[in-house]
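Reader: I should like to go through this structure point by point. Would you take my questions in turn?

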Amino acid sequence: MSDETLASAAEDVSVLAAQYATQMESARRLDPAVVKTMLDAGFARHFVPVRHGGREGTFEELTEAVAVVGEGCTSTAWCASLTAHVARMAAHLPEEGCAQLWAEGPDPLIVASLTPIGTAEKVDGGWRLSGTWPFISAVDHCDWALLGAKATLDGEPAPQMLAVRRSDLRTEDTWVNVGMAATGSNTVTVTDVFVPDALSMSRTDLFAGRPAASTAVCHTVPMQATTTMFAAPALGAARGALKSWTGYAEGKIRAAASAPPALPGMPTFNRASYDVTLTRSAGEIDAAAALLRNASVLADLGPRITVEETMRSWRDCALATEMLVTVTNRLFRGVGTTGQTMSNPVQRFWRDVNSAAGHMALKFESASTAWSAQVIQA
C-alpha cells in the first residue's frame, strides 16, 4: 500500500464513521462496518513487519491519516491509531510469536493495556497469567490483547507484556463515559491462562524500543517518542469541530445580512466576533498540527532519536493537545445554544477532545518535567 492509499482510505473511514457517529456513541462501541473499513484501509498493518505482510510505515503518515479519520469521529480515530500502534508494540515479540499473531495476514486487530496490573507466574515454557485490566479500547472487536503484568525473574521484578487470544479473554461492559463513548474501552479479565514464552516480552524492552526480532526503524524507537498515538485523534476532532462551527457561522452571517435593524437596546450582530473565532481557531489548529508533525518526524528517527528529542516530542504532543482543548472549548461556547444540542457534532467533538486530553500520556505537567530535566541540569 502506498502513502497515498493510506490517506485516501482514511477519507473513506472518516466519512463512514461520521455517518455512524451518533449511533456508535449510543451503543458505546464502534460499528462492525466501521471497524471493517478501518482494517481494510490498512491501519492494522501500518507498522506490521514487512516479512508478515505489513508496511513498516512511518509515524508522520500515520499521524495525518488518524487526524483525517478524527474529522469524522474522534472515537474511530482513537481506535484506528491504537490499532496501528499496538501492532507496532506486538512486533517486539520473538519471531515465533510474531508468526502466530500474523499467521493469517497482517490485519488482526490487537488491543492493549500497558499497565502491569496483572500477575504473571513463570512456569516451564511460558507464563500463567491472571488479572483484570480496565479501559481497553475496541476490545469487543479484537483478535488478540497485549496485556501488562507484574512478574519476577531470578528474584528481581521483571514486568512482562503477554499476547492473549480473544478466546481466552472475558470482557465486561464497563465503559460509560461522557466523552470518547464509542471507543468501547471496556474491562478484560484473564484467569490462569498459559501464555508461551514466544508470546511474551519484557515490558522494559518494549518501552526502550528493543524488539526481539526486528531492526525496522519504526520498531526501534522508545515508547515516550510515540505519544502522537493519543494526540492525533484530538487534532482531527478539532478540525471537525471547526468545520461544523463554520457551517453554523455561515448561517448566522447570512441571516444577519437580511435581518431588519435591531431595536434600540437589543443585542446587535457582531461579524467581527465570528471572524476572530474562525481565524484564531484555525491558526491554533495549524500550530498544533505542526507540533504533532514535528513529533512524528522525530519518532521516524527510530534508534537515532536522542533523549532530549524524545522528551521534546512528548512535550509537543502534550502542548498541542492543550491547544486543541482550548480551540474546541472556544468553538463550543461560540456555537450558541441551538448548536449545543446532542445532534450537533460540535458538542460531541468538544466532549471527545476534553476526554482524550485526560489521558495520562498527554499530561503537560509530566511532559514538561521530563523535558525541563534535559535543559536545566540541576
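Reader: In which sense do strand 3 and strand 6 pair?

Author: This is a predicted model, and in it six bridges link strand 3 to strand 6, the latter formed by residues 160-165. One of the facing pairs places Leu146 opposite Ala163 in strand 6. The sense in which strand 3 and strand 6 pair is antiparallel.

Reader: How many residues lie between strand 1 and strand 2 in their hairpin?

Author: Strand 1 pairs with strand 2 over five bridges in the antiparallel sense, and Ala120 has Leu129 of strand 2 as its bridge partner. The turn of this hairpin contains Gly125, whose phi is positive at about 85°. The number of residues between strand 1 and strand 2 is two.

Reader: What is the order of the strands in the open sheet, and which are the edge strands?

Author: The open sheet consists of seven strands with mixed pairing, in the order 7-8-2-1-3-6-9. The twist from one strand to the next averages 25°. A strand at the edge pairs on one side only, and the edge strands here are strand 7 (170-172) and strand 9 (200-202).

Reader: Is Ala138 buried or exposed?

Author: Ala138 is found in the loop between strand 2 (126-136) and strand 3 (144-150). Its phi is near 65°, a positive value in a residue other than glycine. The relative accessibility of Ala138 is 7%, and the cut-off for a buried residue is under 20%. Ala138 therefore counts as buried.

Reader: Is Asp154 buried or exposed?

Author: Asp154 belongs to the loop between strand 4 (152-153) and strand 5 (156-157). Asp154 is a residue other than glycine, and its phi is positive, near 55°. Its relative accessibility is 82%, and a residue counts as exposed over 50%. Asp154 is therefore exposed.

Reader: How many of the 12 residues of helix 3 are buried?

Author: Helix 3 comprises residues 59-70, and its end C-alpha atoms are 16 Å apart, in agreement with the 16 Å that its 12 residues should span at 1.5 Å a residue. Its buried residues include Phe59, Glu61, Leu62 and Gly70. Helix 3 is largely enclosed by the rest of the structure, because the number of its 12 residues that are buried is 10.

Reader: Why are helix 8 and helix 9 described as roughly antiparallel?

Author: Helix 8 (residues 271-299) and helix 9 (residues 307-334) have axes 9 Å apart, and helix 8 passes helix 9 in a left-handed crossing. By class, their contact has 14 nonpolar, four polar and six charged residues. Angles over 145 degrees count as roughly antiparallel. The two helices are therefore roughly antiparallel, for they pack at an angle of about 160°.

Methods
Residues are numbered from 1 along each chain as its sequence is written. This is a predicted model: local features need pLDDT of at least 70, side-chain atom pairs count only at pLDDT 80 or more; totals for chains, interfaces and linings use all residues. Side-chain values use heavy atoms; hydrogens and water are left out. Axes are lines fitted to C-alpha atoms, for helices over the stretch in contact, and angles run from 0 to 180 degrees between N-to-C directions. Helices (H or I, at least four residues) and strands (E, at least two) are DSSP runs, numbered from the N terminus. Angles under 35 degrees count as roughly parallel, over 145 as roughly antiparallel, 65 to 115 as roughly perpendicular and the rest as oblique. A crossing is left-handed if the near helix is turned anticlockwise from the far one by less than a right angle, and right-handed if clockwise. Ala, Val, Leu, Ile, Met, Phe, Trp, Tyr, Cys and Pro count as nonpolar, Asp, Glu, Lys and Arg as charged, and the others, Gly among them, as polar. The expected span of a helix is 1.5 Å times one less than its number of residues. Buried means under 20% relative accessible area, exposed over 50%, partly exposed in between (1.4 Å probe, protein chains only). Two strands pair if DSSP finds at least two bridges between them.
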